[in-house]
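Colleague: I'm new to reading protein models. Could you walk me through this one?

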Amino acid sequence: MPHATASWLVDSTGLTFEQIADFCGLHILEVQAMADDLAGAKYTGRDPVRSGELTHEEIEKGQADPTYKLKIQKVPVQIQRTKGPRYTPVSKRQDKPDGIAWILRNHPEMSDAQIGKLIGTTRNTITAIRERSHWNIQNINPKDPVTLGLCSQRELDAAVAKAAKKAGIEADVVPDSKLVDDKQALIDELKREREDAARAAVEAAQEAEAEAWLAARRADGVPKE
């Protein structure tokens with residue numbers, strides 16, 4: 001939270017804007033805007049002393065010497081996601097059975113553990129859908145979990161590739177021809193633009209040279225042909 005920390009340092013210390021910007025990893029103009037109350041968002045100050053990132057002694061060193069660079073005492077602890085089922089928004093949870101059914105139909109090589117990790121579900125649910133004993137089986141329609149927003153295409157491809165490798169299945173990689181075509185079209189378009197720009201520059205230079213030549217002739221008293 002660099003902006004909140006910078007806001008606290010601006011309000012609570014005599015450090016220079018350069019020192020605060022350097023410590024928080026911000027641009028000096030951002031710090032200046034906070035001091036002038038011009039920032040678009042108002043930040044609630046965050047005390048870096050209380051969090052253990054700075055000490056009062058370090059701040060005093062900075063206030064005594066404007067050229068002194070503050071040293072962080074410890075790196076803030078990053079909050080890491082604990083192991084467990086993948087979190088899925090409530091609005092998407094009703095789509096899980098459809099996504100599971102799609103994977104079971106199209107990628108039977110995937111294990112229950114892989115499906116559970118990818119979709120964020122339990123083995124009991126997967127087994128019930130596979131055995132068609134799920135309480136809502138009549139309303140379950142297999143749908144691509146990527147389309148449903150339950151996972152990304154990259155995550156799905158990685159899980160399928162891992163399952164295929166474990167099962168000894170050679171995965172056929174089909175190139176995305178549309179992506180290739182679009183990329184080539186973009187390259188061709190950029191090439192044409194460069195060629196057109198170069199041609200226009202040459203023509204402009206030629207026209208300027210012709211105008212200069214005619215102007216010189218008129219200056220010498222030679223009538224324009």
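Colleague: What pattern does the protein chain follow, read along the sequence?

Modeller: Reading along, you get α-α-α-α-α-α-α-α-α-α-α. The chain has 11 helices and zero strands. Helices (H or I, at least four residues) and strands (E, at least two) are DSSP runs, numbered from the N terminus. A word on the source: this is a predicted model, where local features need pLDDT of at least 70, side-chain atom pairs count only at pLDDT 80 or more, and totals for chains, interfaces and linings use all residues. Residues are numbered from 1 along each chain as its sequence is written, and side-chain values use heavy atoms, with hydrogens and water left out.

Colleague: Okay, how do I read burial, and what percentage of the 225 residues is buried?

Modeller: Buried means under 20% relative accessible area, exposed over 50%, and partly exposed in between (1.4 Å probe, protein chains only). Here buried residues make up 28% of the 225. Take helix H2 (residues 17–24): its buried residues are Gln-19, Ile-20, Ala-21, Phe-23 and Cys-24.

Colleague: What covers the buried residues of H2?

Modeller: Think in contacts, meaning heavy atoms within 4.5 Å. The cover includes helix H1 (2–12), helix H3 (28–35) and helix H4 (56–64).

Colleague: And which residues of the largest nonpolar core touch the most other members?

Modeller: A nonpolar core is a set of buried Ala, Val, Leu, Ile, Met, Phe, Trp, Tyr and Cys residues joined through side-chain atoms within 4.5 Å. The largest one has 20 residues, and Ile-100, Ile-103, Met-110, Ile-115, Leu-118 and Ile-119 touch the most other members. Helix H6 (96–106), H7, H8 and helix H10 (153–167) each supply at least two residues of this core. H6 gives the largest share, five residues. There's also a second, separate core of 17 residues, with Ala-6, Ala-21, Cys-24 and Val-31 among them.

Colleague: How do I read two helices crossing, say H7 and H8? At roughly what angle do their axes cross?

Modeller: Axes are lines fitted to C-alpha atoms, for helices over the stretch in contact, and angles run from 0 to 180 degrees between N-to-C directions. The axes of H7 (residues 112–119) and H8 (residues 123–130) come within 9 Å and cross at roughly 110°. H7 and H8 are therefore roughly perpendicular; angles under 35 degrees count as roughly parallel, over 145 as roughly antiparallel, 65 to 115 as roughly perpendicular and the rest as oblique.

Colleague: Which residues meet there?

Modeller: From H7, Asp-112, Ala-113, Ile-115 and Gly-116; from H8, Arg-123, Ile-126, Thr-127 and Arg-130. They divide into three nonpolar, two polar and three charged. In that sorting, Ala, Val, Leu, Ile, Met, Phe, Trp, Tyr, Cys and Pro count as nonpolar, Asp, Glu, Lys and Arg as charged, and the others, Gly among them, as polar.

Colleague: Where do the axes of H6 and H8 come in?

Modeller: Those come within 10 Å and cross at roughly 65°. Pro-97, Ile-100, Ala-101 and Leu-104 of H6 make the contact with Thr-125, Ile-126, Ile-129 and Arg-130 of H8. That set holds six nonpolar, one polar and one charged.

Colleague: Last one: how do I read phi, and what is the value for Arg-132?

Modeller: Most residues other than glycine have a negative phi. Arg-132 has a phi near 55°, a positive value in a residue other than glycine. Arg-132 is found in the loop between H8 and helix H9 (145–148), and at 57% relative accessibility Arg-132 counts as exposed. Just after H2, Gly-25 takes a positive phi too, about 70°.
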